[in-house]
Amino acid sequence: MRKMGILVLCLAVAVGFSSMAAAKTLKIGTLSPLTGPYAQDGTDILQGVKTAVAVFQKAGGIPGYKIEVIPGDSACDGGKATMAANNLINQGVNGVVGAYCSSATIPSSVPLNEANIIQITPASTHTDVTARGFKQIFRMCPRDDVQAWSTVKFLEDGLKVKTLALIDDRQTYTVGLTENITKFVNEDKKIKIVALEHITPGDKDFTAVLTKLKKLNPDAIYMGVYQPEGSLMVRQAKALGIKATLLSEDAVYHPKFIEVGGKAAEGTFLTYAKAPDTPERRNFEKTYKKMWNAQAIGSYGYYAYDSAMVFMEAVKKAGTTDTNKVAATIRDNTWNGVSGKIKFDEKGDRKLAHIIWIVKDGKFVPYWDPMTEKYF
Amino acid sequence: MDTSSFLVQQLINALFLGSIYALIALGYTMVYGIIELINFAHGELFTAGAFIGLIVLAALQKYGFVQTHFVLTLFLVFGMAMAYVGVLGVAIEHVAYKPLRNASRLAAILSALGMSIFLSNGMMLSQGVSDRAYPALFGLKGITIIGARITYGQVFIIILSLLLMVALNMFVNWTKLGKAMRATAQNQVMARMLGINIDRTIRVTFIIGPALGAAAGVMVGMYYGSVRFDMGFIYMIKAFAAAILGGIGSIPGAVLGGMIIGGVEVAWSAFLPSAWKDVTTFIVLILVLYFKPSGILGEDVSETRV
Amino acid sequence: MIDLALKNVSKRFGGLLAVDKLDVEVPKGKILSLIGPNGAGKTTVFNMITGVYPPSEGTISYQGKKLNNLRSNRIIRHGIARTFQNIRLFKSMTVLENVQVGMHCRTKSGAFRALLNTPFAIREEKEIIEKSMETLEFLGLADHHNEYASNLAYGDQRRLEIARAVATRPEMLLLDEPAAGMNPSETAELMDLILKLRDTGLTIFLVEHDMRLVMGISEMVVVLDHGHKIAQGEPKEIQQNEKVIEAYLGTKVKAKA
């Protein structure tokens with residue numbers, strides 16, 4: 001097995017070099033769930049990358065290079081993501097945007113690290129993604145503990161709740177969030193956690209768990225889930241007559257949450273990074289909507305666009321596809337992205353804070369800033 | 001919320017979940033009863049029902065029909081979904097199962113799995129990969145009984161599913177065709193010898209089972225507010241377990257099994273750590289099958305067949 | 001007048017010739033018995049007549065119409081009903097329901113109407129129940145009509161099989177070893193029953209091992225051995241036939257006709 005792996009790797013590297021030398025094509029691979037429950041976000045990521053390539057090439061591209069996007073399906077599954085990553089390596093990609101679920105990103109980053117290929121994840125927030133000393137991995141979205149910090153700050157100083165119940169769906173990403181929230185809350189000792197409940201992704205009925213929480217009557221319920229379950233959960237909570245404040249995170253920050261959640265989504269708080277309204281951002285939104293015939297853009301569309309853009313700009317600036325030089329270029333510069341200013345630290349994490357949003361009249365509206373403790 | 005209202009609320013939750021599992025389980029049990037095949041495509045037929053309901057409902061809503069003819073809307077949505085999926089069920093039987101009726105059991109099971117994948121991908125391509133929002137018909141209004149809350153939508157769904165189960169029971173026990181169906185299930189050769197058209201009886205089974213699944217699909221869409229191409233999978237697993245638990249082939253068994261699975265799931269989440277919820281279904285299944293291998297109401301299937 | 005005619009009928013299962021060029025004619029309104037040692041091909045003959053499988057060669061005709069390639073559910077409509085050697089009741093149905101299923105091939109309302117429970121179908125269903133009860137009355141099973149078939153005594157299960165076959169309103173009844181497993185008094189009752197059925201105008205075609213029954217009620221006997229017809233005639237002639245005695249080897253033919 002191990003020998004096979006090495007053989008495949010050698011072949012991959014060989015193929016990679018030969019294709020680079022011959023065609024001068026910059027190949028960008030993507031890893032995101034194109035099938036399964038998170039196919040919506042996964043598709044947003046692929047479309048974000050393709051939009052970036054289109055915008056970049058329209059602006060001149062890199063002279064002498066063709067740019068090609070090779071999609072990979074990570075299916076939010078470690079095994080499938082690793083297979084997809086190996087497949088991308090075999091096809092000689094220069095950089096990879098992905099994956100989506102932390103539980104897919106972490107395993108798939110191992111072969112990418114061994115093959116020394118740049119990887120920028122637009123979505124995986126688990127601390128471990130960048131905590132393993134890999135030099136060629138970057139994270140475009142904010143980390144779990146950053147998001148958990150914003151959440152706890154809002155609960156303590158914004159809402160001033162006394163009791164809190166947590167729900168997660170036992171996936172790497174959401175467990176990372178509830179664990180960090182528990183840690184911060186226990187450090188500050190201002191809030192009492194009355195329950196930690198778990199649900200199964202793909203389930204539709206959470207009434208039993210929600211009824212249990214209704215009985216405990218916490219001031220706030222934190223939903224560490226993804227958008228499909230988030231929509232269902234707010235509906236069922238309202239149907240059961242639960243009065244607690246509902247909070248969630250960036251995986252639920254998607255137009256679909258409001259579309260499916262309907263009236264029940266109103267008043268839900270979410271943590272999500274806020275980006276300044278720039279001409280680049282508006283141009284991106286216009287191009288994306290036109291290219292994909294979309295009404296709205298999922299949050300990972302923005303991060304995926306920035307991930308691909310930073311990679312291409314760095315290759316252009318470095319004047320080479322050599323991974324070590326490109327990685328250094330990415331790390332040493334500040335980039336202008338559609339999700340705000342982009343500056344990576346030594347580990348590859350981006351300095352980016354979340355703000356608190358609220359669903360109001362069928363829209364996500366900025367509500368509170370944990371850095372300044374001010375309302376918008 | 002005091003303990004009694006907590007218990008009543010959980011009971012409502014269980015009844016609601018159980019009725020939906022039961023409706024889907026009926027489709028498995030009927031098809032198995034008559035041709036001894038696990039129709040793995042049943043979960044996809046359930047999803048197809050939800051999509052047809054969505055399409056009809058969206059169209060009616062566009063023309064303001066829902067507000068003016070509420071009852072008729074419900075009738076149309078359920079009727080069209082059940083009719084379409086009934087026809088789809090017969091088509092599947094004709095294309096994927098009938099040619100294999102005398103082949104090995106394994107071939108038929110593979111064909112069923114293939115059909116399931118085919119339908120699932122078909123729906124993914126035609127209806128998209130993401131959640132589709134179901135137009136809200138009932139909203140969040142409801143009534144409160146002893147401190148427990150039940151929405152009008154839930155009341156309607158529980159009543160409708162009970163009605164469908166009673167209707168099925170009457171059909172199977174009291175009508176000519178229902179008796180023909182039971183006779184075919186018990187002894188196909190003898191049933192044919194008595195003049196029963198086996199092909200037609202099987203076709204009718206493949207209308208009714210999938211149509212009930214479609215009704216459950218519309219209910220799920222209506223109540224939970226969203227449908228997605230792959231939502232049939234989890235329901236398939238639960239309903240399949242329900243059918244086995246109640247004794248596959250037994251119609252009252254499927255209803256009982258559905259209610260038990262719904263009840264156990266809710267009870268576990270209500271009183272024990274919710275992290276282990278999913279294994280409960282199967283623990284109960286294993287325990288029951290250990291003591292009564294044919295399921296709770298299942299019959300010993302050692303009867304000779306020619 | 002001949003009701004059922006088998007002409008030159010053969011059946012092969014792979015290399016095995018189960019029935020060889022058999023000619024049998026069953027006269028209307030009579031009782032004809034087909035006898036022979038185990039494995040002689042008697043049940044094979046019944047299976048070919050009732051469409052379980054087609055004959056390899058020859059023709060089977062009923063009242064002048066060829067039956068060869070019809071399936072069982074068509075053949076019953078021509079008026080031929082049968083029972084099986086091993087009891088094949090619908091065990092988890094009641095006695096009444098078993099008979100009702102038998103009657104269904106004679107009723108009109110189709111699948112769609114039955115599904116919608118139209119007034120016509122409901123009225124028809126009532127008639128079915130009445131007629132089924134009459135049939136049970138005739139067979140002496142009316143008291144048990146609400147019991148599950150599997151709960152009946154053995155002799156009653158046998159009679160219910162006949163009742164279900166009679167409910168299809170046949171003109172000809174094929175009985176495959178109806179007395180198997182019965183005690184002498186039950187067999188005597190069965191003989192009375194068969195004669196009673198014959199008297200209503202039914203043609204009876206019987207396969208049976210119990211010689212007392214065969215010789216007691218048959219008007220014609222056909223003897224089969226290894227797929228060949230070795231003798232045919234009235235019971236008395238058969239009892240004295242050398243070939244028949246030989247075929248049964250040591251088996252002493254007990255006849256008290």
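This is a predicted model: local features need pLDDT of at least 70, side-chain atom pairs count only at pLDDT 80 or more; totals for chains, interfaces and linings use all residues.
Chain C has an average pLDDT of 86, and 92% of its residues score at least 70.

The interface between chain C and chain B brings 32 residues of chain C into contact with 26 residues of chain B. About 2,700 Å² is buried between these two chains, and carbon and sulfur atoms give 60% of that area. On the side of chain C, the residues that lose the most area to chain B are C:N73, C:R88 and C:F90, which together make up 20% of what that side buries. One salt bridge is found across this interface; a salt bridge joins the side chains of C:E97 and B:R182, with an N to O distance of 2.8 Å. Five residue pairs, with both residues at pLDDT 80 or more, are in polar contact between chain C and chain B. Helices α2 (72-75), α3 (95-103) and α4 of chain C each supply at least two residues of the side that touches chain B, and α3(C) gives the most, with four residues. By class, this side of chain C comprises eleven nonpolar, twelve polar and nine charged residues.

The contact between chain B and chain A takes 40 residues from chain B and 35 residues from chain A. The area buried between them is about 3,100 Å², with 55% of it given by carbon and sulfur atoms. Within chain B, the residues B:M1, B:L140 and B:Y224 lose the most area to chain A, and together they account for 17% of what that side buries. The count of salt bridges between chain B and chain A is one; B:K238 forms a salt bridge with A:D203, in which the closest N and O atoms are 3.8 Å apart. Polar contacts between chain B and chain A number twelve residue pairs, both residues being at pLDDT 80 or more. Elements of chain B that each supply at least two residues to the side touching chain A include α1 (3-35), α9 (198-224), α10 (232-246) and strand β3 (148-151). Of the elements on that side, α1(B) gives the most, with seven residues. The residues of this side of chain B divide into 20 nonpolar, eleven polar and nine charged.

Notes:
Residues are numbered from 1 along each chain as its sequence is written. Chains are lettered from A and ligands numbered from 1 in the order in which they are written. Side-chain values use heavy atoms; hydrogens and water are left out. pLDDT is the predictor's confidence in each residue, from 0 to 100. Contact means heavy atoms within 4.5 Å. Buried area is the accessible area (1.4 Å probe) that two parts lose on being put together, summed over both. A salt bridge is a side-chain nitrogen of Lys or Arg within 4 Å of a carboxyl oxygen of Asp or Glu. A polar contact is a pair of N or O atoms within 3.5 Å; within protein, one must be able to donate a hydrogen and the other to accept it, and residues adjacent in sequence count only if both atoms are side-chain atoms. Ala, Val, Leu, Ile, Met, Phe, Trp, Tyr, Cys and Pro count as nonpolar, Asp, Glu, Lys and Arg as charged, and the others, Gly among them, as polar.
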